[in-house]
Amino acid sequence: MFLVLHRGDRQATVYAMTPAEMLDVAYAEARKGLDEGGIPIGAALFSADGTLLGSGHNRRVQQDDPSVHAETDAFRAAGRQRDYRSTIMVTTLSPCWYCSGLVRQFNIGAVVIGESRTFTGGHDWLAEHGVSVTLLDDPRCVSMMTDFIAAQPQLWNEDIGVS
């Protein structure tokens, strides 16, 4: 078990798996995306007991669909859930505003983030709205994104909406 307290002591998240163990699933998805010629961002949605509900990766390039971010791919793979409050979205990179909106829309209770050095999305906003946020600053995630951005700056800028 791994216990993380956030925002004072108002919210506690208990993980049946460690955040690093959950991140391993998202990282493997990011590697798949990179191997497919896409943007290396991976995600996974877990239940509170550590059951993997769904995983996925950014497929914007592969499917020529700008809406297929890692988090949306994992969310779709998980299928319908009665309640998302006890679920945990794990992502290799700080979620963009689109994916942060998904977390808020469906009231996903916790987000575990591999890194936010290369891109800082809406995770502070999520925390301000009661979502438990754990930022791991994982060196594998940082290295993978740093290398990708250096090798594919135009594709990266397209993904984050920079002209």
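Leaving aside its neighbours within four places in sequence, which residues is D73 in contact with? The first view below takes this up. This is a predicted model, in which local features need pLDDT of at least 70 and side-chain atom pairs count only at pLDDT 80 or more, while totals for chains, interfaces and linings use all residues. Residues are numbered from 1 along each chain as its sequence is written, and side-chain values use heavy atoms, with hydrogens and water left out.

View 1. D73 is found in helix α3; helices here are DSSP runs of H or I with at least four residues, strands are runs of E with at least two, and both are numbered from the N terminus. At 13% relative accessibility, D73 counts as buried (buried is under 20% relative accessible area, exposed over 50%, partly exposed in between, with a 1.4 Å probe and protein chains only). Beyond its neighbours within four places in sequence, D73 touches S55, G56, H57, R59 and V68, where contact means heavy atoms within 4.5 Å.

**View 2. Helix α3 against helix α4.** The two helices pack at an angle of about 35°, with their axes 9 Å apart (axes are lines fitted to C-alpha atoms, for helices over the stretch in contact, and angles run from 0 to 180 degrees between N-to-C directions). From α3, E71, T72, F75 and R76 meet Y98, C99 and L102 of α4.

**View 3. The two sides of α4.** In this helix (residues 97-105), C99, S100, L102 and V103 are buried. Seen down the axis of α4, these buried residues fall within an arc of 150°, so they line one face of the helix; the arc is that of the directions from the helix axis to the C-beta atoms. Their cover includes α3 (70-78), β5 (88-93), β6 and α5. On the face turned away from the buried side of α4 you will find the exposed W97 and Q105. After α4 comes N107, with a positive phi near 60°.

**View 4. Strands β6 and β7.** β6 (residues 110-115) and β7 (residues 132-135) pair in the parallel sense over four bridges; two strands pair if DSSP finds at least two bridges between them. A110 stands opposite S132 in β7.

**View 5. M144 in helix α6.** M144 has its place in α6 (residues 139-151) and is buried, with a relative accessible area of 5%. Apart from neighbours within four places in sequence, M144 is in contact with Y27, A30, R31, L34 and P40.
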